[in-house]
Amino acid sequence: MRESTRRSENFFMKKNNRVVVGMSGGVDSSVSAYLLKEQGFDVIGVTMQIWQDKDEEAVRVEGGCCSLSAVNDARRVANKIGIKYYVMNFKDVFKEKVIDYFVDEYLKGRTPNPCIACNKYIKFEELLKRAWMIDAYYVATGHYAIKEYDEERRRYLLKKSVDTSKDQTYVLYNLTQTQLEHILFPLGKYKKDEVRELAKNLGLPVASKPDSQEICFVTDNDYGKFIRENAKEEIKPGEFRDTRGRFLGYHKGIIHYTIGQRKGLGISVGKPLYVVDIDAENNVVVLGYGDEVFGDELISYNNNFISIDKLEGEMRVKAKIRYTAKEQDAVIRPLEDGRVFVKFDNPQRAITPGQSVVFYDGDIVVGGGTIERKVR
């Protein structure tokens, strides 16, 4: 939904204390719902049904954070803390915006982050629309992040959580000012251990439930199998070539490879080889040696800025190129077509098209975008 559309839909909404909490059946969203109720909010728990057409038994154990077992856990928590609870169908929009995107990106030789797409299009766009339909002013999730309003800037800011080991601002950089006005992050100033201890003391049935690690719709962690089953085109083998264009062997399909990958190549030349590029147009996977995996410049697109209205000139930031990466010193500057040029002070390993680069100023999220390509 466009920002202007959001503003028009929200223009006549009066601020109230009703909040829709996205409940995944995990400990974080469960404690979030409890905390908001304790703060006096009118809390409504919602689990988003995203599982696709499977038999009921498969759905019961699969689907990660939104499986039938997760629904049962969320419902039990809602009953325990005394809030209304519903399951809402998001199946079609989830397939279009997350699953199809995931598959298409791999077919184009890129490595997507579906959690970022889910946050952008599902949790903080579609769920917010549903919340407004039931006269709720806010949506809330169990993300570890902090939202604040800066009077001087007259903008909402997204800041890192107190628990830096659990901080999730990297996957939230797409949030707009309108969305931030309507979002609550109850766990931003808590540490994970405190959240689990609180859940235990409250007797919540999910207090010891482990965190979900895998992509929720790829339950066996076999990306290649999932893409083959959901792609509209045949996955064809192709050639491995080195950075000089010399033939090295055959690969089993570009969907099985990502930048920086070493294992599973099936190629031996006496020295370790890594994936350094994927040429989807020609169905070629380019291999190189360790130093060829590094780069210090990239271009990003689909950029969104939070702490500033737009990037006007060069800006020194800390930047990270994947969720698990450490922040690195960099300079960013705008390009004419809305893209952003990023220059790191030091070379970074495996700059990967399709992943996101996120910019920070201390604990404040400046913004971010999708990595289009490594420049050098």
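1. Helix α9 and its cover. Among the elements that cover the buried residues of helix α9 is α5 (91–107); contact here means heavy atoms within 4.5 Å. Helix α9 spans residues 223–230, and its buried residues are G224, F226 and I227. Buried means under 20% relative accessible area, exposed over 50%, and partly exposed in between, with a 1.4 Å probe and protein chains only. Seen down the axis of α9, these buried residues fall within an arc of 165 degrees, so they line one face of the helix. The arc is that of the directions from the helix axis to the C-beta atoms.

2. Basis of the note. This is a predicted model, in which local features need pLDDT of at least 70 and side-chain atom pairs count only at pLDDT 80 or more, while totals for chains, interfaces and linings use all residues. Residues are numbered from 1 along each chain as its sequence is written, and side-chain values use heavy atoms, with hydrogens and water left out. Helices (H or I, at least four residues) and strands (E, at least two) are DSSP runs, numbered from the N terminus.

3. The five-strand sheet. Five strands make an open sheet in the order β3-β2-β1-β4-β7, and the pairing is parallel. The edges are β3 (84–89) and β7 (183–184), each with a single partner strand, so one side of each has no neighbour in the sheet. Two strands pair if DSSP finds at least two bridges between them. Between β1 (residues 18–22) and β4 (residues 138–140) there are three bridges, in the parallel sense. Within this pair, V20 stands opposite V139 in β4.

4. Helix α2 and S30. Helix α2 (residues 27–38) lies across β1, β2 (42–49), β4 and β7, and runs at about 165 degrees to β1. Axes are lines fitted to C-alpha atoms, for helices over the stretch in contact, and angles run from 0 to 180 degrees between N-to-C directions. S30 belongs to this helix. Is S30 buried or exposed? S30 is buried, at a relative accessible area of 0%. Its side chain reaches the backbone oxygen of G26 at 2.7 Å. Apart from neighbours within four places in sequence, S30 is in contact with M23, V77, I81, L204 and V206.

5. The four-strand sheet. A further open sheet has four strands in the order β9-β8-β11-β10, with mixed pairing. Here β9 (247–251) and β10 (274–279) stand at the edges with a single partner strand each, so one side of each is left without a neighbour in the sheet. On average, neighbouring strands of this sheet are turned by 30 degrees against each other, direction ignored. Strands β10 and β11 (residues 284–288) run antiparallel and are joined by five bridges. The bridge partner of D277 in β11 is V286.

6. D296. This residue lies in strand β12 (residues 294–305). D296 is buried, with a relative accessible area of 11%. Its side chain makes a polar contact with the side chain of K343 at 3.0 Å. A polar contact is a pair of N or O atoms within 3.5 Å; within protein, one must be able to donate a hydrogen and the other to accept it, and residues adjacent in sequence count only if both atoms are side-chain atoms. Not counting residues up to four places away in sequence, D296 touches V342, K343, F344, N346, P347, I351 and R376.
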